[in-house]
Amino acid sequence: MNRKGICAALVICLCSRWTLSAMAADETDVLVQLYEKYEADFAAIEHVNDIEKYGYTVFEDESHLVVLETFGEEEVQVLPIMDDTYHRLAVLIADSSGNILYKTNRLEMNYKWLGQLEQPNIGLLSISFRDMNQDGLRDITLITNCQNKTGEYADKTYKVGDVLFQCDGSFYRDWRISDKINRFSMNKSIDFITSYVRDGVSTEILYTATTLDELLENGFEIFQQQSYYRNFEKHGRLLVVPGIIKMKEYNVFMIYLVNEQGNIVWSFQPMEDYDNLYALKGMDSRDDLDGDGMKDLLVLSRFSYAGPDGSMVVDTVCDIYYQRTDGFEEDTEFKAFYQINDDDKVKVSDLVPLIREFWGWKTEE
């Protein structure tokens with residue numbers, strides 16, 4: 001296969017949701033040419049002095065001198081760099097003279113927008129050097145901040161993590177590990193990723209369990225004071241089960257509805273992209289909130305996350321799930337209308353009349 005054929009194959013890989021038959025021939029040619037130039041520029045980086053020349057910026061604060069065992073006994077420079085045009089991350093390893101010993105741009109965070117060269121990386125959050133697979137060699141763990149321009153998550157920042165495993169003067173990725181890190185929200189910090197990759201603790205069960213017993217067998221801790229049976233009009237008598245799985249210093253929060261046979265029939269994820277459940281302030285599933293005659297679920301939580309300077313930030317969040325004939329629908333309208341002041345001592349009982357008023361219920365004079 002010639003060079004253009006190889007690049008076309010790579011473009012097909014990038015465009016896994018497309019087919020070439022769905023793309024105009026000229027569009028395909030342009031994309032191939034752009035990808036060829038991007039790869040040629042990256043291949044041309046042979047010394048640290050070439051980085052800026054070929055359109056990359058070094059993350060100086062996240063560049064480190066490290067002994068990587070299979071690269072020799074001397075320290076090498078590990079340089080994370082970002083392509084200024086397409087915002088694709090790369091990792092370089094250079095010797096003391098600045099010569100590039102190893103480089104890769106085959107990273108999980110470079111494949112978030114399928115079919116595009118441009119990617120949503122807006123910065124490198126952290127990089128770490130730990131033995132993740134316990135073979136005595138330091139591996140590289142990376143987390144970037146990303147932000148979509150359009151769609152449901154437009155302008156929301158989220159994290160993407162990846163691990164490069166050291167081996168014989170090189171590194172390799174296990175795409176299955178990278179996929180699970182990000183698909184099951186285990187990308188919140190280096191410690192979080194380490195807990196999964198090295199120690200084998202995982203949040204996957206939160207998303208794949210079909211019974212309450214499966215959750216409990218895998219370390220799920222129920223908040224017993226907030227767990228009770230409730231008769232949901234369209235779904236019968238169900239046990240409301242809020243709880244957490246602990247990973248390092250993080251509490252990963254989920255809520256389940258479980259039938260009398262112990263099967264999970266619905267789940268809720270109020271935590272979304274927050275790092276940690278700081279406190280569950282209260283829940284309510286006794287009331288109809290939107291006036292359709294069916295009980296809804298109201299959850300008031302405090303979630304924490306790392307701010308731009310690394311300090312902990314805590315938000316108070318109100319989540320509402322409206323009962324429907326085919327399940328539950330997450331609220332977006334009241335949440336956008338009513339902003340909770342974190343200084344307020346708001347309680348669940350304070351929110352019920354406010355939500356009802358929002359949906360047009362008459363209030364007592």
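Q: Which element gives the most to the lining of the largest pocket?
A: That's β8, with 4 residues. Heads up: this is a predicted model, where local features need pLDDT of at least 70 and side-chain atom pairs count only at pLDDT 80 or more, while totals for chains, interfaces and linings use all residues. Residues are numbered from 1 along each chain as its sequence is written, and side-chain values use heavy atoms, with hydrogens and water left out.

Q: What counts as a strand or a helix, and what's a pocket?
A: Helices (H or I, at least four residues) and strands (E, at least two) are DSSP runs, numbered from the N terminus. For spaces, picture a 1 Å grid over the protein atoms alone: a cavity is a set of points where a 1.4 Å probe fits but cannot get out, and a pocket is an open set with protein on both sides within 12 Å along at least five of seven lines. Lining residues have an atom within 4 Å of a point.

Q: How much space lies in the largest pocket, and which residues lie nearest its centre?
A: About 1,600 Å³. Its lining has 44 residues, and Y153, T157, Y158, E272 and D273 lie nearest the centre. A volume here is the space filled by probe spheres set on the points, with grid points joined across faces, edges and corners.

Q: Switching topic: is helix α5 enclosed or open, and why?
A: α5 (residues 190-197) is largely enclosed by the rest of the structure, because 7 of its 8 residues are buried. Buried means under 20% relative accessible area, exposed over 50%, and partly exposed in between (1.4 Å probe, protein chains only).

Q: What covers the buried residues of α5?
A: The cover includes β6, β7, β8, α4, β12 (236-247) and β13. Contact means heavy atoms within 4.5 Å.

Q: OK, rings now. How many aromatic pairs are there?
A: The count comes to 23. Rings of Phe, Tyr and Trp (its six-membered ring) pair if their centres lie within 6.5 Å; planes under 30 degrees apart count as stacked, over 60 as edge-to-face and the rest as tilted. F220 and Y256 form an edge-to-face pair, 5.6 Å centre to centre with 80° between the planes. F220 is buried, and so is Y256.

Q: Which residues form an aromatic cluster with Y322?
A: F334, F337, Y338, F358 and W359.

Q: Where is Y322 found, and is Y322 buried or exposed?
A: Y322 is in strand β17 (residues 312-324), and at 3% relative accessibility Y322 counts as buried. W359 is partly exposed at 31%.

Q: What does the side chain of Y322 do with the side chain of W359?
A: The two make a polar contact at 2.8 Å. That term means a pair of N or O atoms within 3.5 Å; within protein, one must be able to donate a hydrogen and the other to accept it, and residues adjacent in sequence count only if both atoms are side-chain atoms.
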